[in-house]
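Reader: I am new to this structure and would like to understand how its parts are arranged. May we go through it step by step?

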Amino acid sequence: MQSTHSQIEKVIKNKKRGKIFFGNDFSSYGTDFAVRHTLSRLCKEGLIIRLGMGIYLYPKKDKEMSLGVLYPSLDTIAKSIAKKDKARIAPTGAYALNRLGLSTQVPVNAVFLTDGSPRRIKIGNGKGILFKHTAPANLAFKSDLAMLIVFALKEISKDKVTQEHLDRIKYVLQKTPKDVDIMQDVKLMPGWIKSLLTKLL
């Protein structure tokens with residue numbers, strides 16, 4: 001029989017570079033201690049990188065410009081965690097503003113609303129992801145873009161929305177594929193946001 005180490009190493013090497021995975025993905029290959037020990041060894045050997053507690057990356061490396069390891073975005077990491085937890089998430093706060101181009105500030109911590117478990121995850125180099133629990137109704141949007149715009153505008157607040165903000169949102173909407181209908185979620189939007197988007201569209 002193959003050892004826990006050789007089995008896990010083989011599985012990882014068969015994954016696509018840039019893949020994010022979790023320690024409990026390998027629970028069938030040995031005891032919790034054996035799996036943790038194996039993953040720790042593989043990190044030391046440079047095969048994988050530990051992104052956070054129980055979160056690992058089979059790194060993709062840039063060979064053309066010698067940039068080294070190409071780390072996934074906090075958004076990609078958050079979506080991987082949400083998929084594992086079978087939860088829905090929505091970026092909010094300063095992170096939502098940055099995603100839409102409404103702010104050039106790149107937040108160190110990304111904040112997401114979730115209908116899953118609330119928690120904070122440290123992702124190396126001082127970065128982190130905060131999942132804040134919210135009612136499922138707040139995540140009922142069919143359009144990810146509509147949800148992003150709504151939470152970004154809520155962060156700005158009604159009285160502080162400028163023409164510059166509206167011009168940026170209009171630009172984003174114009175670049176959006178025709179088959180993306182954000183107004184299908186109009187019933188989930190506050191009245192003032194619904195009014196703004198109706199004028200922009």
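**The pocket and the sheet**

Author: In this predicted model, strand 2 (49–52), helix 3 (74–85) and helix 4 (93–100) each contribute at least two residues to the lining of the largest pocket.

Reader: Which strand gives the most to the lining of the largest pocket?

Author: The largest pocket has a volume of about 320 Å³. Its lining comprises 17 residues, and those closest to the centre include Tyr-71 and Lys-127. The element that gives the most, with 3 residues, is strand 2.

Reader: How many residues in the lining of the largest pocket are nonpolar?

Author: Among the residues closest to the centre of the pocket are Pro-72, Leu-74 and Ile-123. By class, the lining has 2 charged and 4 polar residues, and the number of nonpolar residues is 11.

Reader: Why is one side of strand 1 and of strand 2 left without a neighbour in the sheet?

Author: The open sheet is formed by 3 strands in the order 1-3-2, with antiparallel pairing. Strand 1 (19–22) and strand 2 stand at the edges, so each has a single partner strand.

Reader: Which residue in strand 3 is the bridge partner of Ile-20?

Author: Strand 1 and strand 3 (residues 55–58) run antiparallel and are joined by 4 bridges. In strand 3, the bridge partner of Ile-20 is Leu-57.

Reader: What angle does the direction of helix 3 make with that of strand 1?

Author: Helix 3 packs on the sheet and touches strand 1, strand 2 and strand 3. Its direction and that of strand 1 make an angle of about 45°.

Methods. Residues are numbered from 1 along each chain as its sequence is written. This is a predicted model: local features need pLDDT of at least 70, side-chain atom pairs count only at pLDDT 80 or more; totals for chains, interfaces and linings use all residues. Side-chain values use heavy atoms; hydrogens and water are left out. On a 1 Å grid over the protein atoms alone, a cavity is a set of points where a 1.4 Å probe fits but cannot get out, and a pocket is an open set with protein on both sides within 12 Å along at least five of seven lines; lining residues have an atom within 4 Å of a point. Grid points are joined across faces, edges and corners, and a volume is the space filled by probe spheres set on the points. Ala, Val, Leu, Ile, Met, Phe, Trp, Tyr, Cys and Pro count as nonpolar, Asp, Glu, Lys and Arg as charged, and the others, Gly among them, as polar. Two strands pair if DSSP finds at least two bridges between them. Contact means heavy atoms within 4.5 Å. Axes are lines fitted to C-alpha atoms, for helices over the stretch in contact, and angles run from 0 to 180 degrees between N-to-C directions.
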